[in-house]
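Please read the following report alongside the sequence and the structure. The headings mark the topics in turn.

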Amino acid sequence: MPMADRPVFLERRSYRLRRMMDAVRFLPFLGLALWMVPLLWPLPAAEVAKNGIPMSTALRYLFCVWLMLVISGWLLWRKTRVQHPSEPANAQDTVE
Amino acid sequence: MTVGINQLVFVCLAYVVFLFVIAFLAERAAMQGRFAAVLRSPLVYTLSLSIYCTAWTFYGAVGYAARSGLEYVTIYLGPSLVMIGWWWILRRLVSIGRNQRATSIADLISSRYGKSNTLAIVVTLMAVIGVTPYIALQLQSVVLSLATFAALEGEGHGFNPTQAAFWVATGLALFTVLFGTRNLNVNERHHGIVIAIAAEAVVKLVALLAVGAFVVWGLAGGLSETLARIDASKIGAWEVQSSRWVALTVLSAAAFLCLPRMFQVMVVENDDERYLQIASWAFPTYLMLMSLFVVPIAVVGLDLLPEGSNPDLFVLNLPLSQNQNGLATLSFLGGFSSATSMVIVATLALSTMVSNHIVMPVWLTLRQGGATQSGDVRGVVIRARRLSILLIIALGFLYYRASGGSGALAAIGTISFGGVAQFLPALLGGIFWRGATRNGALCGLGLGFAIWLFTMLLPSFGVDASLSRETFEHGLFGLNWLRPQALFGIEGLDPTVHAVVWSLSLNLMMFTLVSLLTFPDPIERLQGAQFVNVLDHSGPSRFWTASVAGSEDLMIMSQRILGASEAQRFFRKQAKAQGVPGHLPEPTPDFIEALERELAASVGAATAHAMVAQIVGSSAVSVQDLLAVADESAQMLEYSSQLEQKSQELSETAAQLRMANEKLTQLSLQKDGFLSQISHELRTPMTSIRSFSEILRDTSSLTEADKTRYASIIHSETLRLTRLLDDLLDLSVLENGQVSLYLGQDGLHNVIARAVTTVVSGGEGRLKVHVVPNEKDVVLNTDLDRLVQVFINLISNSQKYCMTDVPELTISPKLTDTGLTVDFVDNGQGIAPDEQAVIFEKFYRIGGSQGDGAGLGLAICQEIMERLGGGISYLKGHNGGAFRVFLPGTALAFDTTYREARTPARSDVSRS
Amino acid sequence: MSKHVVLVEDEVNIAEAIRFLLSNEGWRVETLANGISAVEVIRNVSPDLVMLDVMLPGKSGFEILHDLRSDPAFAALPVLMLTARGQSRDREMAEKAGVSRFMTKPFSNAEMLDAVRDLTS
């Protein structure tokens, strides 16, 4: 589609909204990446000298990521839910 | 004091009654349209998603943690990621599910791949096979927990696990039948069930949190103490295999998308697509809370409870061991809720699939040829649904009985996940890739499912149970690369990882490969376009409010069809007419109608209507798709019309050939009959001739009188033969059209007189012939000799066959507008109606009678009259024999001089 | 004792020839000109031989033969069939219906008499 069909400059609020939607799309990948971090942790069997990562640390890490994701999700929902109807077609936005 | 099993059963029943009541109230409220805000709130939607957390996660997660540390959490990570990533997959899935009015995952997949029922049946069967163990697992968990309480009472409590399982199954079936098949609305929403499972979701969360809080603050002595205790326990270090961590996360994410019950609550029961975004953070929160205390409970359970106690029941046994009976009962109810809600929704989802895709098609097939399908189909559907519910719960119960309630809870759950996860390639491929085909889906599903059976389900029964030790060690059919836990000779993988990796990757590969190689049919392509482009013209904005019919979308579409400047001019004009500033008018009905007309000028009315309806209504096909479909259908139409034309030509040719063949056959038959007749006609006189000539030759003692008599017989038979040959020759000449007409002119009366004279003078008949005179004689211009031949034939026929005492024949000529008719009517008995049609056939003799003629006379007359341009017919409605000879106007000459030169012959010729 | 033959033949001249020939041989000849009453007559007369034309007014020779053969009393009665239609199909039909001898017209007198002798010896 030719560029002329859509405005080059959006007003500030719309621009912000679009970036919020980008964040919504990005969030699961962040979660995936963070939750796959434990793959890098040493296993106790592999390195006998260090005793590996203690369970409490692992628990804290996983649940912190979880909490962060949930809160981010909630915040993004708060930011994007009201104004959405006024936002122009977002699917095409990704083509930018 | 301990909780008695009877008290527990009482509590249990009370809880069930409570569930029935709220389900009933919800149904009633929904019917009356009240409390919609509560019934269909995002909260309820989120809570209903919690049927993901079954008894497996309620009891089993703790057991899982006690056995393998943090690995259990993967079961929650997968779904959390899917929910947080709602924008990518779930948004599409829900949109498609609602647009397509999908009733189940089988329905959705089959609908995507050209509404193929084969595919629906395959998915249904796979789902039933995959989920039945899971249902059995729930029954087992309830029975186990009941047994735990029963065990406290010591021996003699009379607790029978099988009986308990049976009653639980019966109760669940009853509930599902009651609230799952109450009504049969199009969108398959079940308010009662959703509310009940939402309530159960609360109960199980509260129960688990209560037990967790009790364990952390009541038993372990606070958060930091608990953490210290955890680190000191035997699961105190991170020791999860990387491959399992990834594989289980992927598996649980896949299962979350593919489980029939998840599809039921997530897509089918979804009321508002906006709830999905709320659930995207609310449901991970729920999952987080559900898993928060799992490790503490496991660790404290390992510490406090005696060695060898079942870690799957720590949630129950910990409070019991501390004599916290109220908490234990709550915990029991939590587990009970998890189990029952899962069974109810899973059964509901499966029964929808079974009844829609298996029972109903079978029923409809069986009904073919029976009574017409009336309005009772609804009743049949409900009955089929109920039957399916009972069937599925019965299957679960039987599986429970058969498996003997063995195996760790988590293991069965993983296996079940592995089975339904096989839907994933077909599902995702279907909603993201237009090239995915039905055959691809079928092949992928089949292969993935077969691998799952072979590497996951069958081995789970143990060595030598369903697969022999031989197979485990040396592969299927002795093929080394077909070992269930080391496919293609790759050893050393964890069995679960092994199964998940192989089944899903080969499934995906097969699906992709076959899709690339096969060609989808038009419905498949159309559905593919609808699925893949479900959001293209709505976009996120319309995702939230479908009612905002985008003028902008209309604009984009119009530009594509009308051209940019033309479209903009039209829109501006319309906006001005509406008094709206800018270039986008409000999408009022008037505007849309005008736009549709404008578009119709370019693409035709039907297409324009469909396109506008696409955008104004909220169905979802992109303009390109529509155009593509239109092109395609035009091509198909053209092609099919060509085909039709060709086949019509072909069938015409065939018909002509058939007709020619019939004609030939008929001709051949006629020829055969004719030859046979001639043979008969020739042989008969020849027989007499031969016989009598032999008698004359061989018999010496004949009298002179006999000799004379026999010679005269020979003579007359010879004459008969000659006559026959003459007639045949005559007929053949006439029929072949080789006859030359010798035109001459004479008055009609003269012609008639010639004929009458010939007959009457030649024969010995007593026939009286009257000729009714015309006022003016008619002068004929035709082959007079032939005409006389016809008249002679008719008169002599009368003479031969008119058997009255005073035979009379009246000949009456009459001029008509078209020519001349001459009627020959006698006073005999005439010709029977059934014979009238055949008297002109060759060799036909009236009444099979004997005569010296060969039965060719009338046939010859007919041929002659046709040559003369006229005809001869039998006149109905006369008492006697009546023939009409017709001569056309061209055979008449109105030469007055000629006419006056001759005096009309007015004569009654008679001879006695 | 003279033997008895029923001749069903609609051609007067042929019937006369056959009657002459058989009478000379000492046969008593009963002649019928149509097929309608043939079976009844044969039943009453109980002849030693039946001679049948195929094309007869009223009832064809085949039908008469069929009726005769379905009566056990006449199952073995010699029937000589005469036809002027020289078609092999007629011969097949006659043989199916149980004819004793089938002759095509015109026949020589000697041939015919041989056949009669053959059938009744």
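## Strand pairs at one end of the sheet

In this predicted model, C:L82 stands opposite C:M103, a residue of β5(C). The strands concerned are β4 (residues 79-83) of chain C and β5(C), which pair in the parallel sense over 4 bridges.

These strands belong to an open sheet of 5 strands in chain C, with the order β2-β1-β3-β4-β5 and parallel pairing. Which strands form the edges of the sheet? They are β2 (27-32) and β5 (101-104) of chain C, each of which pairs on one side only. From one strand to the next, the twist averages 20 degrees.

## The strand β3 of chain C

On one side, β3(C) pairs with β1(C) in the parallel sense over 4 bridges, and C:V5 stands opposite C:L49 of β3(C). The pairing of β3(C) with β4(C) is also parallel, over 4 bridges; here C:M51 stands opposite C:L80 of β4(C).

β3(C) is mostly covered, with 5 of its 5 residues buried. C:L49, C:M51 and C:D53 point one way from the strand, while C:V50 and C:L52 point the other way. Together with helix α3 (residues 61-69) of chain C, the strands β3(C) and β4(C) make a right-handed β-α-β unit.

## Helices on the sheet, and chain C as a whole

Helix α2 (residues 38-45) of chain C packs on the sheet and touches β1 (3-8), β2 and β3 (49-53) of that chain. The direction of α2(C) makes about 175 degrees with that of β1(C). Helix α5 (residues 109-120) of chain C lies across β1, β3, β4 and β5 of chain C, and runs at about 175 degrees to β5(C).

Chain C has 5 helices and 5 strands. From the N terminus on, its elements run β-α-β-α-β-α-β-α-β-α. Of the 121 residues in chain C, 40% are buried. Among contacts in this chain between residues at least 6 apart in sequence, 56% join residues at least 24 apart.

## Where chain B meets chain C

How many residues does each chain give to the contact? Chain B gives 17 residues and chain C gives 16 residues. On the side of chain B that touches chain C, the elements that give two or more residues are α30 (623-698) and α31 (704-735) of chain B. α30(B) gives the most to this side, with 13 residues. By class, this side of chain B has 4 nonpolar, 9 polar and 4 charged residues.

## Nonpolar cores

The largest nonpolar core has 209 residues, and the members that touch the most other members are B:I109, B:V123, B:C258 and B:I297. Helix α8 (residues 117-152) of chain B gives the most to this core, with 19 residues. A second, separate core of 42 residues includes B:Y710, C:I18, C:M51 and C:A115.

Leaving aside residues up to four places away in sequence, B:I297 touches B:V62, B:V211, B:G212, B:V215, B:F314, B:V315 and B:L318.

## Backbone exceptions in loops

Most residues other than glycine have a negative phi, and most peptide bonds are trans. C:S46 has a positive phi of about 50 degrees although it is not a glycine. C:S46 lies in the loop between α2 and β3 of chain C. Is C:S46 buried or exposed? C:S46 counts as exposed because it has 11 C-beta neighbours inside 10 Å, and the cut-off for exposed is 12 or fewer.

B:N323, also a residue other than glycine, has a positive phi near 60 degrees. It lies in the loop between α16 (314-321) and α17 (325-367) of chain B. With 10 C-beta neighbours inside 10 Å, B:N323 counts as exposed. A cis peptide bond joins C:K105 and C:P106, with omega about -5 degrees; C:P106 is in the loop between β5 and α5 of chain C.

Notes
Residues numbered from 1 in each chain as written. Chains lettered and ligands numbered in written order. Predicted model: local features only at pLDDT ≥ 70, side-chain atom pairs only at ≥ 80, totals over all residues. Buried ≥ 20, exposed ≤ 12 C-beta atoms within 10 Å, placed from the backbone. Contact = placed C-beta atoms within 7 Å. Core = buried A, V, L, I, M, F, W, Y, C linked by C-beta atoms within 7 Å. Pairing = 2+ DSSP bridges. Axes fitted to C-alpha atoms, helices over the stretch in contact; angles between N-to-C directions. Nonpolar A, V, L, I, M, F, W, Y, C, P; charged D, E, K, R; others polar. Right-handed = clockwise from strand over helix to strand, strands pointing away.
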